[in-house]
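Subject: Handing over the structure

Dear colleague,

I am passing on to you the structure we spoke about, with a short account of what was found in it. Please look through it with the notes below beside you.

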Amino acid sequence: MDIKLPLTDETVAKLRAGDDVRFTGVIYTARDAAHRRMVESLDKGESLPFDIRGQVIYYVGPTPAKPGQVIGSAGPTTSMRLDRFTPPLLAAGLKGIIGKGGRGQAVRDALKQYKGVYFIAVGGAGALLARQIKKVDIVAYEDLGTEAVRRLEVEDFPVIVCNDIYGSDLLEEGKSRYKLAVG
Amino acid sequence: MRDISCQTISETVARLCQEATSLLPDDVLQALKKARDKEESPLGQKILDQILENAELAKKEMLPLCQDTGTTVVFLEVGQDAHIVGGDLNECIKQGVIEGYDKGYLRKSMVERPFSARVNTKDNTPPVIHTEIVPGDKLKIQVMPKGGGCENMSRLAILLPAEGKKGVTDFVLRAVEEAGGNPCPPIIVGVGIGGTAELAVSLAKKALTRKVGRPNADAEVVDLERELLEKVNALGIGPQAVGGRITALAVHVETHPTHITSLPVAVNIQCHSARLKEAVL
Ligand code: SF4
């Protein structure tokens, strides 16, 4: 399925765990340090450095770009580390997250409650994913260096729906489908 | 006595860092292709296709396979008749890492003060160096850029001797199951059994330097490797944990005699981006 970003409630309602999706549009990068700052801002009642409503955050820390490249290799990082920062961002209107690996129960509940979707990209396919990123701008927290929040323009960026708004979890369902009994 | 210059060592390490991060070893590539043939899950097949295409692209354009270019783990086999000249061996390896990560546009992921400030060292040093003294007059260098996603799933247990093979098997399966999608399956599972606590962990990592799927020399260990691989793949975790037949490309077990009261077992997981390059000087 091809999706133009940002995400609307209508689009989000159509997505089911296991769907193969290609994104075109804008996504924002954020890792641990940026998440900590964003959540601190929300706690203090301050606004975020970009309008988060309907947006998608990508958990990524790319390699430095080689001359002539827009961005270096840029695959997803382990999402679990960001679990404790995720529910407040979903409450603030974040609609999509791209990472790798499973999410804890609190995040899954928040996805359902605030109608957000968690997508996975293929971990370790950093060169391939970077090819789908066409433009990069720093939008906030420049002092964080590699962890600064960047705005990426992507085309046909491949992801898979892992947790949909109905509470389905691809990782759990996939595992039970292929589990075998061996002595 | 044979002289090996520090400068040659530095240059070699710099080259190995760059090659390892862009060129997936042939044995890993072959194992991934076989996995693609065997995988039944449609999503799993698509993921393996992306992984294979990524490897091709990285090789063609000399790009890092993965953005996490790792902690630089270096295995050295120093011949007892080799003579390192022109500097401090560990220092020249460090220089090689600095150069390789700079010239290769690799990500610098090491932080100082692990439990407090966590400040990036900005050149990916220090590397983690394992040194063994062996017969001969050569120096073998293996560079393994080891990602955090898989390394963080490492486990150690000191089992009771009576728990035996079943205890070992259960422990390995639990480690793989708990790791889920975090180490980017399909994975290679390194297992160290015996010795002392630190030796078991080190054997588990050493097991990952073996060519994928090349069996251990000991028949009983080969049986255990085979059984573990079957059981790991029966978990159904699959590529990137979306469900499937291929969770692991191989299980490599290394063992060592141990104390009468003890049964240490360690697991060290390698991701599909199983980067490793070696040179012999
Ligand atoms: S586990 Fe391996 S493939 Fe996955 S992100 Fe880390 S280094 Fe890359």
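The domain bounds used here come from an automatic or database domain assignment, and the model itself is a predicted one. For chain B that assignment gives domain 1 (2–20 + 65–146) and domain 2 (149–274), and the centres of these two domains of chain B, taken over C-alpha atoms, are separated by 26 Å.

Where the two domains of chain B meet, 10 residues of domain 1 are in contact with 11 residues of domain 2, and about 800 Å² is buried between them, with 56% of that area on carbon and sulfur atoms. Of the area that domain 1 of chain B buries against domain 2 of chain B, F75(B), M144(B) and K146(B) supply 61%, which is more than any other three residues. The interface between these domains of chain B holds 3 salt bridges and 2 residue pairs in polar contact, both residues being at pLDDT 80 or more. On the side of domain 1 of chain B that touches domain 2 of chain B, the elements giving two or more residues are β2 (71–79) and β7 (139–146) of chain B, and the residues of that side divide into 5 nonpolar, 1 polar and 4 charged. There is also a salt bridge between K206(B) and E77(B), whose closest N and O atoms are 3.8 Å apart.

Turning to the two chains, their contact takes 41 residues from chain A and 43 residues from chain B, and the area buried between chain A and chain B is about 3,500 Å², to which carbon and sulfur atoms give 58%. Across this interface of chain A and chain B there are 3 salt bridges, and K46(B) forms a salt bridge with D20(A) in which the closest N and O atoms lie 2.4 Å apart. Between chain A and chain B, 17 residue pairs are in polar contact, again with both at pLDDT 80 or more. The side of chain A that touches chain B receives two or more residues from each of α5 (126–131), β7 (149–163) and α6 (170–178) of chain A, with the largest share, 5 residues, coming from α6(A). That side of chain A divides into 20 nonpolar, 14 polar and 7 charged residues.

Where does the ligand lie? The ligand lies between chains A and B, and of the 13 residues around the ligand, G124(A), C66(B), C184(B), C271(B) and R275(B) come nearest. The shell around the ligand divides into 5 nonpolar, 5 polar and 3 charged residues, and it draws at least three residues from each of domain 1 and domain 2 of chain B.

With best wishes

Key. Residues are numbered from 1 along each chain as its sequence is written. Chains are lettered from A and ligands numbered from 1 in the order in which they are written. This is a predicted model: local features need pLDDT of at least 70, side-chain atom pairs count only at pLDDT 80 or more; totals for chains, interfaces and linings use all residues. Side-chain values use heavy atoms; hydrogens and water are left out. Contact means heavy atoms within 4.5 Å. Buried area is the accessible area (1.4 Å probe) that two parts lose on being put together, summed over both. A salt bridge is a side-chain nitrogen of Lys or Arg within 4 Å of a carboxyl oxygen of Asp or Glu. A polar contact is a pair of N or O atoms within 3.5 Å; within protein, one must be able to donate a hydrogen and the other to accept it, and residues adjacent in sequence count only if both atoms are side-chain atoms. Helices (H or I, at least four residues) and strands (E, at least two) are DSSP runs, numbered from the N terminus. Ala, Val, Leu, Ile, Met, Phe, Trp, Tyr, Cys and Pro count as nonpolar, Asp, Glu, Lys and Arg as charged, and the others, Gly among them, as polar. A residue is near a molecule or strand if one of its heavy atoms lies within 4 Å of it.
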